[in-house]
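Colleague: I have a model open and would like to go through it with you. Could you take me through the chains and how they meet?

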Amino acid sequence: MPARLFLNRVPPQRIRTFLSLFALALTLPLLALTAIALQRMASLEEAEIERRVMQVAQDLADDVDRELERATIILETLATSSALARSDYAGFHEQARHALRRDRAGISLVDQSQRQLLNTRAEFGTPLPPISDPQTAQRVVASGQRQISELVVGAVSGEPVANVEVPVLVGDQIPYVLIMALDATRFENLLKGQRLESQWITGITDNNGIILARSERHAEFVGTPLPKELLDVSRTAKGAFRATSVAGMDVLRATVRCRIAGWLVSATVPLSYAEASRKRGVNFVAALISTAMALGAGLAYVFGRFMTRPLDAATAAAAAVGLGKAVEPLKSPLVEANALTAALSTAAAELQLRHEHTAFLMRELAHRAKNQLAVVKGMALQTARQSGTVKQFVEQFSQRIQGLAESQDLMLRQNWQGAWLGDLIKAHLDLFGATTRLETRGPALFLNANAVQNVGFALHELATNAHKHGALSSPQGRVLVTWREAGGRIELEWIERDGPRVQSPQAQGFGSLVITELVAQALQGEARLDYYPTGIHWRLDFPAIFVLTAPGSATATK
Amino acid sequence: MSDMTASESQWAAAHVWFTTAAALADDASLAHGEVETAKPLRVLIVEDEFYISLHTRGLLQALGHVVVAVAVSAEQAVSLAERERPDVVLMDIRLSGTRDGIEAADEIGERFGIGSIFVTANTDHQTRRRAEAVRPLGFLEKPLTEQRLRHGLSKL
């Protein structure tokens, strides 16, 4: 019912529309499932990328710590140098240079007044400028412990560097501070050494929020501050987060604070890379849906045509039936349309037959009507001849017309083929209300139209006579009508009993002419009328050619 | 009443009545008092409705013609035509039995050279064509009137 209610409200649609809906109904759940599966896969992939970003950041932070530790070890080893203990600065200069080998770094030695005593980046004995970052050295002296500087510009190299500074202890005193200036490019190399895919960008930001190193476009960004927003998020975020990089790119970023220096080590991938899987999934689903839709619509169109063509043919066939044309059953791939046109074909043939039959009946009726008028005319003239008065004529003529009508009525019920003899006898006696006094005996005989008409005339005259003068004129009188078929002939007998005593009439009227001659002649038979004192006895004998084996088996005659 | 039927001797019972009936002419001719005497024809009536054939007989007699017999079937028509050799046959087309009036008229024309006038109610085209094919002397419409009959027979 809900479906019907729904369909009642929707305007009629073409088959291909319903087929399209059908295709959609079939594919959409599958597409939805695919989309969900892809979504889940994308989420897993994203989580994996986030995990990797975190891991890379952590690994880098560890590397930075190791780098700083290595620098510390070198410095602490140099602090115990015997050359230094002897204040052999030239020897120590040589020793320090040797320790650095090809590292991109420089080692300098400053005294308590922050004055540079030597710098490996300069030849020994060259006059040296004051150090660029005296605060860190002061903290070393104050704390007696290693300190790491933020990004500074090396006083001798003029390059961005970060310093690792350790105290040189002599007894309780700290006469020197030993400084290793690590080039920012060293950290750039460290970042690049991770061998990550090209999309990855890593970076180190110092505690001032200044970029110390970057795996990509290092020279461009080093020494520039991280945007405040990004810096704040980087400091507080736990795990990976989405952000806009310093280069203005949307990225997925993870930041880890390195243990020794407290710098922020970050790893980023472009958001497009992180979300590539999701995007691929979305594209895939979109492509899938488009394909499914196109395929569904296309197939709906094809199958729609598959169905509409036979249906259109069936519609044309139905229209042809309406026009009274013959219809050939369709031989299409659609069984239903074939069945429909087959039914239409049968209907068309049936309609044609009926049309022909109707035309035949109309012709028959026209002919019969005119012929019957000729009969009535003859009947009127004959009745007039034997009528003494107009009153007598009217009475006799109306009765004969009534008798004719009875016979016609019976035939009308049998499609003008004829009538059953038993029915004919009853009908004519019923006209005089005498069926209760009638006894009939005989087999079922179906007379043709001509016989019905003529036997009807005879029965009418007999019943009229019986009513006026014979058995039916007294209360006890009875009429027995019997018939039988034998030897290709029909023998019909009318016997009156228990009526008034009968005498042979002096002269015979038209009625007796009808029953003795005219009817017999018309039926190519013989008739005989006997006047017994107990009642009249009429006998008609005619060939069985006037009998039809079954109603409808013979063509109508008249 | 030798002109009434082929087997009239069996119908003695009707003689009294029929003498009276035959003496009477059709109402129309009685009223006009016309009796055609110019050329009396011997006519065979073929008609299976006795009310109609009685009427036709009356009209013919009023016109001064002689009815030699009345046939009710095609077979009867042929045999009576052979025996009586009438001048003309008034033939109903639809007759009870397997053969119709057209076949009977054809056979009578072929075998005895006697022409027929078809007397019929509405006739469909197909039957009309069949009837015309046997070259009848004419067609008369039912119900017959004296005028129609006189006109139809006057050409003979």
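This is a predicted model: local features need pLDDT of at least 70, side-chain atom pairs count only at pLDDT 80 or more; totals for chains, interfaces and linings use all residues.

Colleague: Understood. Which strands does helix α5 of chain A lie across?

Modeller: Helix α5(A), residues 134-143, lies across β1, β3, β4 (160-170) and β5 (173-183) of chain A. Its direction is at about 25° to that of β4(A).

Colleague: And in what order do the strands of that open sheet come?

Modeller: The order in this five-stranded open sheet of chain A is β2-β1-β5-β4-β3, and the pairing is antiparallel. At the edges are β2 (116-119) and β3 (147-153) of chain A, each of which pairs on one side only. On average, neighbouring strands of the sheet are turned by 25° against each other, direction ignored.

Colleague: How many bridges join β1 and β2 of chain A?

Modeller: Three bridges join strand β1(A), residues 105-111, to β2(A) in the antiparallel sense. Within that pair, S108(A) faces N119(A) of β2(A) as its opposite residue.

Colleague: What is it that holds such strands together, in general?

Modeller: Strands of a sheet pair through backbone hydrogen bonds, and the pairing is either parallel or antiparallel.

Colleague: Let us go to the other open sheet of chain A. Is its pairing parallel, antiparallel or mixed?

Modeller: The pairing is mixed, and the five strands have the order β12-β14-β15-β17-β16 in chain A. Its edge strands are β12 and β16 (526-532) of chain A, each pairing on one side only.

Colleague: Which strand pairs with β12(A) in the parallel sense?

Modeller: That is strand β14(A), residues 478-486, which pairs with β12(A), residues 438-441, over four bridges. T440(A) and V481(A) stand opposite each other in this pair. On to β15(A), residues 489-497: nine bridges join β14(A) to β15(A), and these two run antiparallel. There, R478(A) stands opposite R497(A).

Colleague: How many residues lie between β14(A) and β15(A) in the hairpin?

Modeller: Two residues lie between them, and G487(A) in the turn has a positive phi of about 60°.

Colleague: Where does helix α15 of chain A lie?

Modeller: Helix α15(A), residues 510-522, lies across β16 and β17 (535-543) of chain A. The angle of this helix to β16(A) is about 160°.

Colleague: A change of topic: is E48(A) buried or exposed, and why?

Modeller: E48(A) counts as exposed because 12 other C-beta atoms lie within 10 Å, and a residue is exposed at 12 or fewer. E48(A) belongs to helix α2(A), residues 15-79. The C-alpha atoms of E48(A) and A274(A) are separated by 9.4 Å, although the two residues are 226 residues apart along the chain.

Colleague: What are the overall numbers for chain A?

Modeller: Chain A has 15 helices and 18 strands. Of its 558 residues, 35% count as buried. Among contacts in chain A with a separation of 6 or more, 60% are between residues 24 or more positions apart.

Colleague: And what about chain B? How many helices and strands are there?

Modeller: Chain B contains seven helices and five strands. Starting at the N terminus, its elements follow the order α-α-β-α-β-α-β-α-β-α-β-α. Of the 156 residues of chain B, 51% count as buried.

Colleague: Which elements make a right-handed β-α-β unit in chain B?

Modeller: The unit is made by β4(B), helix α6(B) (residues 125-133) and β5(B). The two strands, β4(B) at residues 115-120 and β5(B) at residues 138-141, pair in the parallel sense over four bridges. V119(B) is opposite L140(B) in β5(B).

Colleague: Last topic, the chains together. At what angle do helices α11(A) and α3(B) cross?

Modeller: The axes of α11(A), residues 335-386, and α3(B), residues 50-62, cross at roughly 65° and come within 7 Å. The crossing is left-handed.

Colleague: Which residues meet there?

Modeller: From α11(A) they are A374(A), V375(A), K377(A), G378(A), M379(A), L381(A) and Q382(A). On α3(B) they meet Y51(B), I52(B), L54(B), H55(B) and G58(B). By type, the residues of this contact are seven nonpolar, four polar and one charged.

Notes
Residues are numbered from 1 along each chain as its sequence is written. Chains are lettered from A and ligands numbered from 1 in the order in which they are written. Two strands pair if DSSP finds at least two bridges between them. A crossover is right-handed if, with the strands pointing away from the viewer, the path from the first strand over the helix to the second runs clockwise. A residue is buried if 20 or more other C-beta atoms lie within 10 Å of its own, exposed if 12 or fewer, and partly exposed in between; C-beta atoms are placed from the backbone. Axes are lines fitted to C-alpha atoms, for helices over the stretch in contact, and angles run from 0 to 180 degrees between N-to-C directions. A crossing is left-handed if the near helix is turned anticlockwise from the far one by less than a right angle, and right-handed if clockwise. Two residues are in contact if their C-beta atoms, placed from the backbone, lie within 7 Å. Ala, Val, Leu, Ile, Met, Phe, Trp, Tyr, Cys and Pro count as nonpolar, Asp, Glu, Lys and Arg as charged, and the others, Gly among them, as polar.
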